[in-house]
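Subject: A structure for you to explore

Hi there,

Here is the structure I promised to pass on. Please open it beside this email and follow along as you read.

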Amino acid sequence: MNNNLSKKYMLCDPKTYPHLCKIDSPQDLRLLARDQLQAANDELREFLINSIAHCGGHFAAGLGTVELTIALHYLFDTPSDKIIWDVGHQAYPHKVLTGRKEILHSIRQTNGLHPFPSRSESEYDAFGVGHSSTSISAALGMAVAAKAKGDDRRFVAVIGDGAMTAGLAFEALNHAAALDVNLTVILNDNDMSISENVGGFRNYLAKILSGKFYSGFKESGKKALQNMPKITRWAHRVEEHLKGMVMPGTLFEELGFNYIGPIDGHDLDVLLTMIGNIKRLTGPQILHVVTRKGKGFSPAEKDPIAYHAVPIFDPKETRLPASKKKVTYSNVFGKWLCDMAEKEEKLMAITPAMREGSDLIAFSKKYENRYFDVGIAEQHAVTIAAGMACEGLKPVCAIYSTFLQRGYDQLIHDVVLQDLDVLFAIDRSGLVGGDGATHHGAFDISFLRCIPNLIIMAPSDEQECRKMLTTGFEFKGCAAVRYPRGSGTGIEAGDSLETLEIGKGIVKRKRKDDSQGIALLAFGSLLKNALIVAEAIDATVVDMRFVKPLDKELILELSQNHSRFITLEENVIAGGAGSAVSEFLAEENIQIPIKHLGIPDKFIEHGDPDELITLCGLDVDGIINQISNFVEN
Ligand SMILES: Cc1ncc(C[n+]2csc(CCOP(=O)(O)OP(=O)(O)O)c2C)c(N)n1
């Protein structure tokens, strides 16, 4: 892409964007007359399409929240009032209106804007997000604090219908009803998660919107709003009025919320009127807003799954560029799953709303009855797997490392403690790149390896990944295979369903010099760098394969004829695989200098994956430097 050309699209020039270019903060937006807002709104959408097309990032969700963002910042006194975006992938319009439009194109890149709202980035980013379904709890906490301080401020949680499927969101709704605080929840219902939303709650929302009810409201809504009584009498009258228009006794009403809606989230007038009115109500309010993912960009409206997050593309084209990517670890998993399912009928696959990311598309089509998208509900994903295993099935729970953090208690208490047969296919382990600190799979080795009886494997290439998946599947008990985001060495994973001997590593290179020297003990993806380093410094290299159980025999053997150990892993050093080696050496009272290389003890931000590896000193030069310092000291 021509850089000058792309820059032109990414800047907010006054000719194309006469209103938007003057908005550097919500205060500027509030200076606009109400009849100028539609123009500003349309410019904002145009700007988003052009900018994101030229830098890549989350796309379709943000196009669906343009009107909502304008209405909220126009009506609420942000940043004193707080808008809490759930997940935050839909918050690009919010970033544009809150002083970040000229740098929007840097989003997700090294030193660029955070991929999601971040408290360190802007005072308008009320809560740091990335993982879903936290907004209502966070907003509720803020509202409680404001009440305790005697502040009359407003707190608005904006949550999608997908994010609403998590238990956490319902826990917060349940609690909110017990508290007398001013909380507004905006349910942004586009009937999509990343893929189609699933489950009974989705069906419930669909019922609310179905047939004459919703279309009837659409027609009558504006009229009804125009006829509303003056605001002095409004609060108690409108409640009945609105309730008359909507289904009586909705689920939300039963929970203690004042439910209002559904309304058309792309009708700016209706949004402004409704939110303006809600602002004056006290207690917990829920506004049900219906939007369309990808709104205003027809290819994204037609295919919101493909346009959920996009690479750089030409906005004049109706298609995204064909992916030139190599086979990814997710692809290796997706193919293995289909192959194994053919052989083993007991295999069931579970995903918490990540069908595309975990590459379960083929499986979901071929084995419809053995495929379970449980919604954004990681805890439930783990425990439903436990239940299936109790009945003799063999569930494979495909889950991103970062999202398994949500299912930790379930993993210990419901699966491993009961010695149940579940395989965890842990995708996106290690550094993930543009999604940043909220999404790096930096901790799984540390939080898994302290659990008794669990088998943990880390593949160094695609073939190993396939063997480990088979090994974990055949194992009677709980096993985990943690593999990285993206492609690996490029080696063909093949078709075999071969297993590995549990707890056995493999020596990949022996030191040429017989005298004592360095042994590099690699766990997973860093093996390829270790092999290059070993050529430069003449070291022994071991692919440890198993984080748990460790190949103790091999470690003992290596300690006989090496003077130093270096461990390598794409996980935090704290409590990682290297620590496991040190613990074992200490237990055996073997004193050998050992250096652990991995992710340092800080949160790593977003950026280009290779740059992040370099930042952590895990590229070839970085490893050599760290080893030299260790040897010299
Ligand atoms: C705990 C957690 N699990 C999974 C994800 C991955 N994820 C990001 S956005 C998304 C879909 C969200 O759907 P919804 O809330 O309806 O928002 P929409 O994209 O439809 O606007 C998912 C599953 C996540 N961010 N957090």
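Predicted model: local features only at pLDDT ≥ 70, side-chain atom pairs only at ≥ 80, totals over all residues.

Residues are numbered from 1 along each chain as its sequence is written, and side-chain values use heavy atoms, leaving out hydrogens and water.

**The ligand**

The ligand is surrounded by 22 residues (a residue counts as near if one of its heavy atoms lies within 4 Å). The closest are H89, G162, M192, K293 and E378. By class, this shell has nine nonpolar, nine polar and four charged residues (Ala, Val, Leu, Ile, Met, Phe, Trp, Tyr, Cys and Pro count as nonpolar, Asp, Glu, Lys and Arg as charged, and the others, Gly among them, as polar).

Now look for pairs of N or O atoms within 3.5 Å. A polar side-chain atom of N190 is 2.9 Å from an oxygen atom of the ligand, and a backbone N or O atom of M192 lies 2.8 Å from a ligand oxygen atom. A polar backbone atom of G130 is 2.8 Å from a nitrogen atom of the ligand. On its own the ligand exposes 590 Å², and the protein buries 97% of that (areas by the Shrake-Rupley method with a 1.4 Å probe).

**The five-stranded sheet**

Five strands make an open, parallel sheet in the order β2-β3-β4-β6-β5. Strands are DSSP runs of E, at least two residues, and helices are runs of H or I, at least four; two strands pair if DSSP finds at least two bridges between them. β2 (82-85) and β5 (258-264) are at the edges with a single partner strand each, so one side of each has no neighbour in the sheet. Inside the sheet, six bridges join β3 (residues 155-160) to β4 (residues 183-189), and I159 stands opposite L187 in β4.

**The seven-stranded sheet**

What is the order of the strands in the open sheet of seven? The order is β9-β8-β10-β11-β13-β12-β17, with mixed pairing. Its edge strands, β9 (371-373) and β17 (546-548), each pair on one side only. Four bridges join β8 (residues 347-351) to β10 (residues 394-400), and these two strands run parallel. L347 has K394 in β10 as its bridge partner.

Enjoy exploring!

Definitions and conventions
Polar contact = N/O pair within 3.5 Å; in protein donor to acceptor, adjacent residues only side chain to side chain.
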